[in-house]
Amino acid sequence: MTMSTVAPTHCFHAIIFDHDGTLVDSEYIHCQSWNKVLALYGHSLKFEDYCAHYNGLPTQETATQLKQHYNLSESVDSLYQQKIDFLNYHLAEKPFPLLAQVKNTLLFLCKNNIPLAIASGANQHEVSHSLQHHKIASFFKAVCTKNDVANSKPAPDVYWLAAEKLNLAPEHCLAIEDSDTGYQSARRAGMHCLRLSATPSPEEFKDMKAICEQLELWLLSGQLKKLLNT
C-alpha cells in the first residue's frame with residue numbers, strides 16, 4: 001500500500017513516527033532473534049523472507065505464523081517468549097542502531113517547533129531502550145507502544161492514542177512508517193502517511209533524508225506548521 005506525497009488540503013501540526021525500521025535499524029536483529037529460536041527446531045529464515053512476510057507484524061502474530069509455516073510442536077506463547085529472551089539478550093549488549101539522518105531530522109523539526117510522538121508496535125522496553133541509549137527521548141511529547149493499547153498494529157489504536165496525547169485530531173497528524181502493517185495502522189487512524197522503502201515507488205521514500213526534504217518543502221509552503229495556541 002502506498003500514498004501520494006501530495007498532501008491533503010488541511011495542515012499537519014505534528015508528526016508521529018514508528019520505531020522499528022523508521023527510527024532504528026532493527027529488522028535484521030529481529031530476524032536474527034527468530035533464527036535463534038528456529039535453530040532450536042532445525043529451521044532457518046532468510047532475511048528477505050522475513051522482510052516480505054513478517055516485517056511490522058506483532059511478535060505474537062509472527063510466532064503464530066512461524067509455528068504454522070514450519071509445523072512446530074512448540075506453543076505460540078513459548079515461541080514468543082523465546083524470541084523475546086533472545087532479543088533482550090542482544091539489547092543488553094547492544095542497542096538497535098539509529099537509522100541515518102534520524103537525529104538530524106528530529107533536530108530540524110524541533111527547531112521549527114513541530115510536536116513529535118512515537119506510535120510503535122514494539123513493546124515499551126524496546127522503545128525506551130532506543131530512546132535512552134541514543135539520547136532522543138526529549139524530542140518526543142508522547143511515546144505510545146503496544147503495551148498502551150488493546151489492539152496492536154494494523155489496528156489504528158496506537159496512532160489514535162498518540163494523537164490524543166498530542167491533543168490533535170488524527171487528520172492533523174502526519175505518520176511516518178516503513179511496513180505494510182504500520183502503514184495500514186496509520187491510514188485506518190485517519191492519518192496521511194509517508195512511507196519508507198528500500199526499493200521506493202514514486203510515492204515512497206528511500207531514507208529519512210528524503211523524507212526530511214519533503215517536510216522542509218511543506219514547512220516552506222505552510223502545509224506543516226505548529227498550532228499557534230500550543
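In what follows, Ala, Val, Leu, Ile, Met, Phe, Trp, Tyr, Cys and Pro count as nonpolar, Asp, Glu, Lys and Arg as charged, and the others, Gly among them, as polar. The model is predicted, so local features need pLDDT of at least 70 and side-chain atom pairs count only at pLDDT 80 or more, while totals for chains, interfaces and linings use all residues. Residues are numbered from 1 along each chain as its sequence is written, and side-chain values use heavy atoms, with hydrogens and water left out.

Rolling a probe the size of a water molecule over the atoms shows where empty space is left. On a 1 Å grid over the protein atoms alone, a cavity is a set of points where a 1.4 Å probe fits but cannot get out, and a pocket is an open set with protein on both sides within 12 Å along at least five of seven lines; lining residues have an atom within 4 Å of a point. Points are joined across faces, edges and corners, and a volume is the space filled by probe spheres set on them.

The largest pocket has a volume of about 670 Å³. Its lining has 26 residues, with N55, D178, L196, S197 and A198 the closest to the centre. By class, ten are nonpolar, eight polar and eight charged. Helix 2 gives the largest share, four residues (helices are DSSP runs of H or I, at least four residues, numbered from the N terminus).

One cavity of 30 Å³ or more is found in the whole structure, and the largest cavity holds about 290 Å³ of space. D20, G56, L57, G121 and A122 are the closest to its centre. Its lining divides into six nonpolar, eleven polar and nine charged residues.

How values were computed: Helices (H or I, at least four residues) and strands (E, at least two) are DSSP runs, numbered from the N terminus.
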